[in-house]
Amino acid sequence: MSKAAGSISMIGGSDGPTSVFLVGSKYKEKNPIKRCKHALMIRKHRNRIKKARRSIEPGTHTLDETICYMKEHYGMREADHAYPFYEVYIRRMRFSLVQREQLDLLPKQPELTDFHDKEAVARWHIELDEWEKQAEAIVEKLSPEVFNMDYRLFILDQGEDGSMQVELEMNRGLIVTQYSGRGFEPIQKDIYRYYGVSKEDIVKETERYQNLVTIIAQ
């Protein structure tokens, strides 16, 4: 579940997902060409972040208003338990949110200190798989009183051209989008822009603002 959960991680920090590119920077690339390409990639990304920030103006809509917008402008339909991946998506969202908000409910996650030790890495993968099984079992048993979530899923199916899924968590005001195929990126950005940010979000660089910047900068 780690790969799935990771796909809905909310990226923070003043430079958005730049932190992703810098992970493991202590293991520096020895090849000078690759190192230059890496530095260029980071510089280009930071320029996109700056451009995205300049393009954002305050203005917000509620999630309910955003749902109406998605339906009216893009013909999105709401999915339920009959949708093949509904249960996968809702479990993924639930697991990710518990990790973010109530990590103390889960067993301690295995740690890896030396990425160069192949045997240690192999053991860590085994330990991590076991941890995920235990953690998922705990999350599945959490009652609404302990962890409450109001989840909704909307689908835009373009047949052979691909599809787009928009996941909403109504209690927390979260939007998570994913798609396969071409032509969905402008729709994704439009939905996030419509949901928008307030002046306070911009000043305080809240998670809602950081997520908008990240999406626009892609």
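**Salt bridges, helices and aromatic pairs in a predicted model**

E169 is buried, its relative accessible area being 0%; here buried stands for under 20% relative accessible area, exposed for over 50% and partly exposed for the range in between (1.4 Å probe, protein chains only). This is a predicted model, in which local features need pLDDT of at least 70 and side-chain atom pairs count only at pLDDT 80 or more, while totals for chains, interfaces and linings use all residues. Residues are numbered from 1 along each chain as its sequence is written, and side-chain values use heavy atoms, with hydrogens and water left out.

E169 forms a salt bridge with R172, with 3.3 Å between the closest N and O atoms; the term denotes a side-chain nitrogen of Lys or Arg within 4 Å of a carboxyl oxygen of Asp or Glu. R172 counts as partly exposed, at 26% relative accessibility.

Across the whole structure, eight salt bridges are found. One of them joins the side chains of R152 and E78 (2.8 Å, N to O). Since R152 lies in strand β3 (residues 151-157) and E78 in strand β2 (residues 77-79), this pair ties together parts 74 residues apart in sequence. Strands (E, at least two residues) and helices (H or I, at least four) are DSSP runs, numbered from the N terminus. R152 is partly exposed at 22% relative accessible area, and E78 is partly exposed at 34%. Another salt bridge is made by the side chains of R100 and E207 (2.5 Å, N to O). That pair links distant parts of the chain, with R100 in helix α5 (residues 86-101) and E207 in helix α9 (residues 207-217), 107 residues apart. R100 is partly exposed, at 39%, and E207 is partly exposed, at 32%.

Turning to the helices, α6 (residues 118-141) has 24 residues and reaches 35 Å from its first C-alpha to its last, close to the 34 Å expected; the expected span is 1.5 Å times one less than the number of residues. At the start of α6, a side-chain oxygen of D117 comes to within 3.1 Å of the backbone nitrogen of E119. The buried residues of α6 include W124, L128, W131 and E132. I138 also lies in α6 but counts as partly exposed, at 29% relative accessibility. I138 touches L105, L106 and P107, leaving aside residues up to four places away in sequence, where contact means heavy atoms within 4.5 Å. The C-alpha atoms of I138 and P107 are separated by 9.2 Å, although the two residues are 31 apart along the chain. In helix α3, I42, H45, I49 and A52 are buried.

Finally, the aromatic side chains deserve a look. The structure holds eight aromatic pairs. The ring centres of Y83 and Y89 are 6.4 Å apart with planes at 35°, so this pair is tilted. Rings of Phe, Tyr and Trp (its six-membered ring) pair if their centres lie within 6.5 Å, with planes under 30 degrees apart counted as stacked, over 60 as edge-to-face and the rest as tilted. Y83 is buried at 14% relative accessibility, as is Y89 at 10%. Y69, Y74 and Y194 form one aromatic cluster.

How values were computed: Polar contact = N/O pair within 3.5 Å; in protein donor to acceptor, adjacent residues only side chain to side chain.
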